[in-house]
Amino acid sequence: MKRIDKKPNRGKFQKGGRPPRGGKNEGRGRMNNKKKGSVKAGLDKKILVEPHKRFPGVYVGRGKEDLLLTKSLAPGTSVYGERRVSVDVEGEKVEYRVWNVYRSKLAAGIVCGVENIHIGPGSKVLYLGASSGTTVSHVSDIVGKDGMVYAVEVSERSGRDLINMSMKRPNIVPIIEDARHPSRYRMLVPIVDCIFSDVSQPDQTRIVALNAQYFLKEGGGVDVSIKANCVNSSIPAETVFADEVNILRKSNIKPREQVTLEPFEKDHALIVGKFVLAKSGEKK
């Protein structure tokens, strides 16, 4: 099994669709998760925890298998039944939460080799498509007490779970609203460092671009999880990804990386870019 914090042997953004899936010589960094689903919560002291080499605020647990971890901002509680590990740091017990790559597109992107997620301690993040807060809770751990996560979810049912989860995490602002209408929550969200989107809608890239115009700082990061079947199920996934990249380019978002999320998610890709405003007289 390859180390999940080893820098992958990947190039920058590849034009025209799906990057190579990785074979014997490509450092994709697989996780050794044996089955899909939640893991029972519990404490395990027989594990070595070390910071991830590429992502501040993310950790790697060394034991019988490599685990992706975040340091819990709300020790003693789990969000989705995830396993918790506790280690002794200079005589003090510190709790970490296992980040299940089968339940989080962002975690899958990290394991599949993305080089930059534009999220770290102190970051302000606008999260579109927050659902019940599974990944939001880990982003909350990463940004820590000095950061903020503005979590937008349109479903009232999922929104109730999101609100309940955020009551124990003061750095989360739950927003139950349609991400297609950022003007409705413009008074709640300041300028942010990064937008992460997991909105399973055909017009997701347009939604991301619109929110970027409202809230994202120039040079800010954009992470978009694309599910090909939600955009267009009648054409190959590679074509869908290429089309979405072109839409981002026309919206002042310059794609820098693209990684597929297999084997954790079929026909999914994580596209990472930067928001760069076009200068006057300059073509987008």
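This is a short tour of the structure, stop by stop, with something to select at each one.

**Before you start.** You are looking at a predicted model, where local features need pLDDT of at least 70, side-chain atom pairs count only at pLDDT 80 or more, and totals for chains, interfaces and linings use all residues. Residues are numbered from 1 along each chain as its sequence is written, and side-chain values use heavy atoms, leaving out hydrogens and water.

**Stop 1: the whole protein.** Show it as a cartoon and look for six helices and 12 strands. Helices (H or I, at least four residues) and strands (E, at least two) are DSSP runs, numbered from the N terminus. Of the 284 residues, 54% are buried; buried means under 20% relative accessible area, exposed over 50%, and partly exposed in between, with a 1.4 Å probe and protein chains only.

**Stop 2: the largest nonpolar core.** Select Trp99, Val114, Ile119, Val136 and Val139, the residues with the most contacts inside this core of 35 residues. A nonpolar core is a set of buried Ala, Val, Leu, Ile, Met, Phe, Trp, Tyr and Cys residues joined through side-chain atoms within 4.5 Å. Several elements supply at least two residues each, among them β6 (124-128), α2 (134-143) and α3 (156-166). The largest share, five residues, comes from α1.

Now centre on Val136. Which residues does Val136 contact, leaving aside neighbours within four places in sequence? They are Tyr127, Ala130, Val149, Ala151, Leu162, Met165 and Ile172, where contact means heavy atoms within 4.5 Å.

**Stop 3: His52.** Move to the loop between β1 (48-51) and β2 (58-62), where you will find His52. His52 counts as buried because its relative accessibility is 6%. Show the side chain of His52: it reaches the backbone nitrogen of Arg54 at 3.1 Å.

Stop 4: Most residues other than glycine have a negative phi, and most peptide bonds are trans.

- His118, in the loop between α1 and β6, has a positive phi near 60°.
- Ser131, in the loop between β6 and α2, has a positive phi near 55°. At 34% relative accessibility, Ser131 counts as partly exposed.
- Pro263 sits in the loop between β11 (253-260) and β12. A cis peptide bond joins Glu262 and Pro263, with omega about 10°.

Terms used. A polar contact is a pair of N or O atoms within 3.5 Å; within protein, one must be able to donate a hydrogen and the other to accept it, and residues adjacent in sequence count only if both atoms are side-chain atoms.
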